[in-house]
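Welcome, and thanks for taking a look at this model with me. Please have the sequence and the coordinates open side by side as you read.

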Amino acid sequence: MLRFDPFHDIDTVARQLLGEATGSARAPRFMPMDLFKTGDHYVLNADLPGVDPHSVEVSVDNGTLTLRAQRTAPSEEGVQWIASERFAGTYMRQLSLGENADVDKISATYNNGVLSVTIPIAARAKPRRIEISGESQPKKIKAQSS
């Protein structure tokens with residue numbers, strides 16, 4: 001589940017009308033990600049190119065997985081911007097985890113600008129076979145005639 005901002009479109013239009021100066025710090029728009037299930041776990045891969053690995057945070061609180069990262073803008077002293085299309089600022093993404101996620105065993109890695117989060121499925125949520133107990137030999141029933 002993603003957090004919804006009902007004013008996002010209005011803010012975008014306002015910024016376009018008022019204009020942003022080239023080279024000004026702009027907030028990142030989104031964190032592209034893939035989420036898939038393989039075997040007994042889910043894998044989330046999020047693109048965070050140019051982000052300092054020490055700024056990346058992954059947390060879980062009350063069933064909500066939060067990904068946060070910071071990309072710093074280059075120093076602007078003595079710089080005459082020709083184009084500035086790379087966003088600087090804080091990226092954040094939140095997802096609601098189902099009850100079948102084992103939140104105590106979530107792990108994450110950050111390599112080559114990609115954050116990978118592994119979310120194991122809890123043992124209680126995995127399919128399992130239920131053994132049937134009872135007599136091991138079939139019971140023979142004799143028919144009685146009246």
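The sections below go through the strands, the core and a few individual residues.

## About the model

This is a predicted model, in which local features need pLDDT of at least 70, side-chain atom pairs count only at pLDDT 80 or more, and totals for chains, interfaces and linings use all residues. Residues are numbered from 1 along each chain as its sequence is written, and side-chain values use heavy atoms, with hydrogens and water left out.

Let us begin with strand E4, residues 64–71. Strands here are DSSP runs (E, at least two residues), numbered from the N terminus. Six of the eight residues of E4 are buried, so the strand is largely enclosed by the rest of the structure; buried means under 20% relative accessible area, exposed over 50%, and partly exposed in between, with a 1.4 Å probe and protein chains only.

Strand E3 (residues 57–61) pairs with E4 in the antiparallel sense over five bridges, where pairing requires that DSSP finds at least two bridges between two strands. Within this pair, valine 60 has leucine 65 of E4 as its bridge partner. E3 and E4 make a hairpin with two residues between them, and asparagine 62 in the turn shows a positive phi of about 55°. E4 also pairs with E5, again in the antiparallel sense, over eight bridges. Here alanine 69 stands opposite tyrosine 91 of E5.

Threonine 66 counts as buried because its relative accessibility is 8%. Its side chain makes a polar contact of 3.1 Å with the side chain of glutamine 94 (a pair of N or O atoms within 3.5 Å; within protein, one must be able to donate a hydrogen and the other to accept it, and residues adjacent in sequence count only if both atoms are side-chain atoms). Leaving aside neighbours within four places in sequence, threonine 66 is in contact (heavy atoms within 4.5 Å) with Glu57, Val58, Ser59, Met92, Arg93 and Gln94.

Threonine 64 also lies in E4 and, at 13% relative accessibility, counts as buried. The C-alpha atoms of threonine 64 and glycine 98 are 9.0 Å apart, while 34 residues separate the two in sequence.

## An open sheet

Four strands form an open sheet in the order E1-E2-E7-E6, with antiparallel pairing. Strand E1 (33–38) and strand E6 (107–111) are the edge strands, each pairing on one side only.

## The nonpolar core

The largest nonpolar core has 19 residues, of which Leu44, Leu48, Leu65, Leu67, Leu115, Val117 and Ile119 touch the most other members. Such a core is a set of buried Ala, Val, Leu, Ile, Met, Phe, Trp, Tyr and Cys residues joined through side-chain atoms within 4.5 Å. Strands E2 (41–47), E4, E5 (89–96) and E7 (114–120) each supply at least two residues of this core.

Not counting residues up to four places away in sequence, valine 117 touches residues including Tyr42, Leu44, Val58, Leu65, Leu67 and Ile106.

## One salt bridge

The structure holds one salt bridge (a side-chain nitrogen of Lys or Arg within 4 Å of a carboxyl oxygen of Asp or Glu). Aspartate 102 and lysine 105 form it, with the closest N and O atoms 4.0 Å apart. Aspartate 102 is buried at 17% relative accessible area, whereas lysine 105 is exposed at 57%.
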